[in-house]
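Visitor: Could you take me in for a close look at just one part here, the strand pairing and what packs around it? I'd like the cut-offs too, please.

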Amino acid sequence: MFRTRVFAAGVVVASAVVLASAVPATAHDDLSSSSPAVGEVMTTAPEAVSLVFSEEVLPLGAAVIVVDQTGRDWVAAEVMLDAATVTAELASGMPDAGYELRWRVVSSDGHPISGVVPFTIGDGEPLTRTPAPGAGEADPTNAMDLQSQSTQENQGALRVLMIGLAGAGIAVAVFLLIFFLRRP
Ligand SMILES: [Cu+2]
């Protein structure tokens with residue numbers, strides 16, 4: 001009988017450890033495509049911008065702005081979300097210039113993702129992120145830095161969650177172990 005109990009306790013501990021370590025390994029959604037595309041030169045001002053993601057993003061927390069050099073946001077209406085597509089209508093009369101579409105949505109796995117899509121209209125100069133004397137071109141690595149930074153923050157939050165889940169799993173395992181060993 002004792003042998004059976006030890007075996008049962010072992011199974012409980014083993015399965016709890018597996019459960020605690022098998023935190024969902026789902027990656028967050030990616031931006032599949034966008035209109036305008038990254039670096040696109042549009043001949044005329046778009047009436048709207050749209051973003052298509054690899055999965056349906058969550059209906060909360062979606063934000064899109066389209067800014068020019070002065071920081072003006074040209075998005076004219078509420079951001080619309082339809083499954084994996086996020087759309088934002090723009091004000092008319094956007095002059096030929098460089099712009100940045102900055103987006104943030106909540107991935108289907110629950111944490112925020114964000115990015116920047118630079119584009120230009122007509123023969124406008126690409127938007128310069130850090131205006132400096134003699135700086136003519138936007139530095140695309142800045143956008144990359146922003147993206148990787150937010151990814152790191154997301155991973156930090158996920159790690160906290162994983163540690164919490166692992167802790168809960170171990171607590172359950174200890175409880176069940178004591179419960180099994182105490183049984184007559
Ligand atoms: Cu994710």
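This is a predicted model: local features need pLDDT of at least 70, side-chain atom pairs count only at pLDDT 80 or more; totals for chains, interfaces and linings use all residues.

Guide: Two strands count as paired if DSSP finds at least two bridges between them, and the strands themselves are DSSP E runs of at least two residues, numbered from the N terminus. Residue numbers start from 1 along each chain as its sequence is written.

On those terms, four strands make an open sheet of mixed pairing, ordered β2-β8-β7-β4. β2 (41-42) and β4 are at the edges with a single partner strand each, so one side of each has no neighbour in the sheet. β4 and β7 run antiparallel, joined by six bridges; in one of them, V64 has W103 of β7 as its partner.

V64 also turns up in the packing. Along with V86, L101 and V105, V64 touches the most other members of the largest nonpolar core, which has 21 residues. Such a core is a set of buried Ala, Val, Leu, Ile, Met, Phe, Trp, Tyr and Cys residues joined through C-beta atoms within 7 Å, where buried means 20 or more other C-beta atoms within 10 Å of a residue's own, with C-beta atoms placed from the backbone. β3 (48-53), β4 (58-67), β6 (85-89), β7 (98-106) and β8 (112-121) each supply at least two of its residues.

Zoom in on V105: beyond its neighbours within four places in sequence, V105 is in contact (C-beta atoms within 7 Å) with F53, V57, G61, A62, V86 and I113.

Notes. A residue is buried if 20 or more other C-beta atoms lie within 10 Å of its own, exposed if 12 or fewer, and partly exposed in between; C-beta atoms are placed from the backbone. Two residues are in contact if their C-beta atoms, placed from the backbone, lie within 7 Å.
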